[in-house]
Every structure is written in structure tokens, then in C-alpha cells.
Amino acid sequence: MGILDRFRRRPTGGPAAVRARLEGAMAKRRLRGWNPPLENINALVASGGPRLLARSRELVVTNGYAANACEAFAANLVGDGIKPSSLIGDADLRDRVQRLWLAWTDEADADGLTDFYGLQAMVAREMFVAGECFVRLRPRRAEDGLLVPLQLQLLQAEMLPFEKTETAANGNRIRCGIEFDGIGRRVAYHFRRRHPGDSTDQGAVIPETVRVPAADVLHIYRPIDAGQIRGLPHIAPAMVRLFLLDQYDDAELDRKKTAAMFAGFITKTAPEEPMMGEAEADLDGAAIASLEPGTMQVLLPGEDVKFSSPADVGGGYEAFQYRTLLAVSASLGLPYHLVTGDVRQANYSSLRAELVEFRRRIGQLQHGVIVHQLCRAVWQRWLETAVLLGALDADPAAARPVQWIPPRWDWVDPLKDIQAQVLAMEAGITSRRKVVEATGYDVEEVDRENAADAARAKGLGLRYRTSPGETQGARATPATRPKPADGAGDGTDDGAAATDPDTEQE
């Protein structure tokens, strides 16, 4: 039986067989050194957060690709602002709310440097660099002269210490500067009173941190793992490649610069004569020879003249740069041309394909982070403050419904996209409201402007090829041919007034 057992099929079940099918769980020769620790993301952020944050900020300041990617990220995420369109049923109240909000946005910044939509752009940049940003809601006194006594103060991630993990005096847990109650709700943030890296802010000795209730703080970040309490820089996956690529480019540039200093080498009969470009001796008796473009270096007697022929970067330099920057772009989740500005190998199809995917990701961040964590909370507090002040006579709960409109997308070929939108409206696939809102504008505001333009044009006796209220679109043509007696042809395009005889109505 022992000999026959050797030829029998072994059972395929059991834990060993399951592990054999999970290649990533193997511990054989190729993967023997791959033993990552099973750590929670909060532990990783707490231990490496400060250094990661410092390196991220330095990259965005010193590296051109990182700086360009940061601006592209913010410009596509918020653009000129994610703006509200109130859904209040009462048209008069809705108009008063919108006008008051528009006027207040100019006063929203506690530092007075920008408006509410400029603050959105600053938040977007902080999300790219630091992974998070804190917005403190600052109530103001009525005598401060604001339309609505509320302002917003932005605080960088460094203002909330990563290392502050302890038990508070009231029994709550403090994790990475955030205080949680017994059921895991955020109840307070323990901010530093001064930025740890700002040497210009020197004052009296005060407690290091101050406790701010969570109701007055908005924590804007994208959680990538369940239970994550602090943000990670958006640039984090690309940081190492960007840093090493920058070093490589600097070394290559320095090598070419040094090589360009030597035009050639010559001999002379008296070696004791000073070398070309040699300066006077210093206190130690050593002379220093400076290098300039076109330098002819003096050598020992008997040596021939040799002209400098520095090595080129090689044919693989461009391909290496391209592939490395492609990996950087993929790590950042940004199209290659937005990171590098290089569109030499792009065409309409490739640009549109990567823009469609990129804008899906941006749409997630717009609605899931910026709108949900920032815009909604600010709108709610602003409404409550405006009603309490008496600037609005409305129920805050009834006036709260609002739709946030992101900035419009500029496509590669806008004519084709507009034609497609017109066809979709004519087929009933979409509504005109959705098409207008996709451009970043409120449809009711556009309708009011169209009505005002039409009334003004009619009052001045102006006639255009198309006007608001008439059939518009890529395939629109006049229904009737204007008669010469009407004077419609004066000052207008003759081709615009003519129609096909088959479609003319008598």
C-alpha cells in the first residue's frame, strides 16, 4: 500500500492549498524580503506625518513639476468657485438669499485677502500639499459692520499637533490633536496657538495649545481608509520619484555646465607661469583658478592640444524622463500634460480620454469633500447667523435646500460638445437646467439675463441672427423668409436670413 499511495492524487483542500493560490501571500525566494508591518493608517500618519508634511511643502515650493501639478489640481477642483443655487420655492426669498450670499462672499475671509471662492482654492491647495485643511468658523460682533457677522479662518495642518495623543481631563481621548468622546464623536480640536515653523511670530509665554469646540471647526480632507482621522498629502505617492528626478536633473545640468567650462587644453614651455584665470594667492599661499566658458586650460610641457568633447546626455534621456513623469502623473492622478505642460504626443482622442477619467475623479472630490465638508457646513452656519441677525426673514431649515454648481469644464472641441447637448435636449434625454448648470451658471440667473437682453435689444430696435426665446442650436434656421419691406435685411448677414425653399412657409 505504501508504494501505491505515492501515485494517488493528493487532496487539494486545506489552508496550505489556499495560500498556494494567493501568490501575494507566498514567502518563497522572490517575496521573502517583503514583510510590511500590518499597521493602521492612523499609526502611520502619527509617526510619519510631520516629516511627510515638511517634505511635501518643500517639493511644491522647489520642484517645478510639483508646483504645476498643485496649481492644476486646485484649478480643476474648484476653479473660480463651487457656487450655490438656492432651491427655495419662494422666488422673492430665493433672490434675496442669493444676493445676500453674493455680497457676503467678499467679507468671508478673516484675513481679508480673498473671498469665499478664493478660500476654496486655498483649501484645494492645502489638500494637495498637506492632505487636509482646517477652517475655523469665527462669529463676529454686530458692530463689526459685516453684512453677516461670520468669517472663516484657514488653519494649516501643522497647527494641529500629530504627537498630541493622550487622555483629556474629562476622560475623552485625544488622538493626533483631535478629541473624541466615549462613542467616537469629534468634540474638540487642540490647536497650537502659533505655527511651529513661523519664527516671526514671537510673543509672550502662553499655553501651547487651545481647545476649540468641533462645532466651530471644519476638517477638510479625503479619507482613503475607514476610520482615518487625519489626511495624507495628495502628492505623497509621487514624492520620492519627484525628489530623485529633481536630483538627477540637477546633476545632469551641473555636469553639462562644468563640461562647458573647458574649450580645450594647451601646453606651454614654462610651467611656473601662472595659469589662465589664476587669482592671487590667499593667506595660506594657495592660488585658485576660476573657470569661465571658453577656458583654455594650461597643461605640462610635452602634452598635445586637446579640445573638450563632453559626453552628451544620450539618446535614452528623453525616454527616461517621459516614462518617469508618466509614473509621477499616474501617482498624482493628473493627466500627463497638466503636470508637464507637454502636449507634443497628444491628439484629440487621447486628450479627451484622459480628461474624462480625470474629471470623474475630480467630481468625486468636489461633491464628496469640498461640497460635503466645506460648502454645506458654511451655508448652514451662514443662514442661521443671517436669520439671527435679522438680515433674512426666513426659517433656516426651510431655506437650507441648495444645489452646489461646480465650475464648467472646458472641452477640447467645444463645438461638438454643444451640438451634443442641443441634441440631448431636443431628444428629452436631459433638461436645459442641467445643461446650463454644467457650464457653472445658475439657470434662473441666465434666464433673467436673457430676458433683460431681449427687452433691451427690442427697445433699441436691434435684431440678431438668434435671440433668447427663439429656437437656438447648431441646426436652427428661421421658419420664414423675411420680406425686403420689413427692413430685416439691413445690416444683417444675408446668408442668415435665407432658408431652403423646401422648408419655407408661405
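**Labels and cut-offs**

Reply: Keep in mind that this is a predicted model.

Me: Why is cysteine 133 called buried?

Reply: Buried means under 20% relative accessible area. Cysteine 133 has 1% relative accessibility, so cysteine 133 counts as buried. Cysteine 70, at 3%, also counts as buried.

Me: How many disulfides does a search of the whole structure find?

Reply: The search finds zero disulfides. To count, a pair of cysteine sulfur atoms must be within 2.5 Å.

Me: What makes the contact of glutamate 126 and arginine 57 a salt bridge?

Reply: The cut-off is a side-chain nitrogen of Lys or Arg within 4 Å of a carboxyl oxygen of Asp or Glu. Here the N to O distance is 2.9 Å. Glutamate 126 lies in helix α6 and arginine 57 in helix α3, so the pair ties together parts that are 69 residues apart in sequence. Arg57 and Glu126 are also linked with Glu158 in a network of salt bridges.

Me: What makes arginine 141 and aspartate 144 a salt bridge?

Reply: Their N to O distance is 3.9 Å, and the definition asks for within 4 Å, so the pair counts.

Me: Why is arginine 141 called exposed, and aspartate 144 partly exposed?

Reply: Exposed means over 50%, and partly exposed lies between the buried and exposed cut-offs. Arginine 141 has a relative accessible area of 54%, so arginine 141 is exposed. Aspartate 144 has 38%, so aspartate 144 is partly exposed.

Me: How many salt bridges does the structure hold?

Reply: The structure holds 24 salt bridges.

Note on methods:
Residues are numbered from 1 along each chain as its sequence is written. This is a predicted model: local features need pLDDT of at least 70, side-chain atom pairs count only at pLDDT 80 or more; totals for chains, interfaces and linings use all residues. Side-chain values use heavy atoms; hydrogens and water are left out. Buried means under 20% relative accessible area, exposed over 50%, partly exposed in between (1.4 Å probe, protein chains only). Helices (H or I, at least four residues) and strands (E, at least two) are DSSP runs, numbered from the N terminus.
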